Amino acid sequence: MFTLPDLPYDFNALEPYIDARTMEIHHGKHHQAYINNLNKALEKAPALQGKTIEEIVRHLGSAPEEVRTAIRNHGGGHYNHSLFWKVMSPNGEGQPTGVLLEKIDSAFGNFDAFKNSFSNAAITRFGSGWAWLSVDNGGGLVVTSTSNQDTAAMDGLTPILGIDVWEHAYYLLYQNRRPDYVDAFWNVIDWERVSKNLESAS
Ligand code: MN
């Protein structure tokens, strides 16, 4: 049975960029609901019980057909949000360094070009979904986006940074202004964590 991971900071820690009320509802209600529904679906998938959430989302084909869509949506939701909380930080105002920066430069040219690519993926994702920075099979970095609670991990990539662009992630503070929320996100990225994610993906 999966349980809700604690937020690594207080609900208000990401203000003024992401408000406390949004964080409280997003973590306590939305993420919790994905976990509840995932656990319910797994009752009908005994072979998947005991597997990590990463194993489950990477091998959706091994889920019983009856609950495969539920596991895709809610397992994806659990995987995505677990990553999302960790790549944000109240002390996130730095920039990538070291190997991460080298790989960004090599894939996108420079940090600003990467920023444009990632922001554009987040802003242009139609409807609900996510934008990702991921490591591909060759060890290089790519920007992609996914719809609903699909995750880059379902495409054989290893996501190391993601932004949730469902309206529930920003509507209270930004209403329909998704580009403003995406701009604000750059102030709360925990680049040390993204570097660690890159290390474990390599
Ligand atoms: Mn969300």
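The chain splits into domain 1 (20-86) and domain 2 (98-201), with bounds taken from an automatic or database domain assignment. This is a predicted model: local features need pLDDT of at least 70, side-chain atom pairs count only at pLDDT 80 or more, and totals for chains, interfaces and linings use all residues. Residues are numbered from 1 along each chain as its sequence is written, and side-chain values use heavy atoms, leaving out hydrogens and water.

Start with the pair of domains. Their C-alpha centres are 20 Å apart. Domain 1 brings 19 residues to the contact and domain 2 brings 25 residues; contact here means heavy atoms within 4.5 Å. About 1,700 Å² is buried between the two domains, with 58% from carbon and sulfur atoms. Buried area is the accessible area (1.4 Å probe) that two parts lose on being put together, summed over both.

One salt bridge is found across the interface. A salt bridge needs a side-chain nitrogen of Lys or Arg within 4 Å of a carboxyl oxygen of Asp or Glu. Arg72 pairs with Asp150 in a salt bridge, and their closest N and O atoms are 2.7 Å apart.

Next comes the domain 1 side. Helix H1 (20-42), helix H2 (53-58) and helix H3 (65-86) each supply at least two residues of the side that touches domain 2. Helices are DSSP runs (H or I, at least four residues), numbered from the N terminus. H3 gives the most, with 10 residues.
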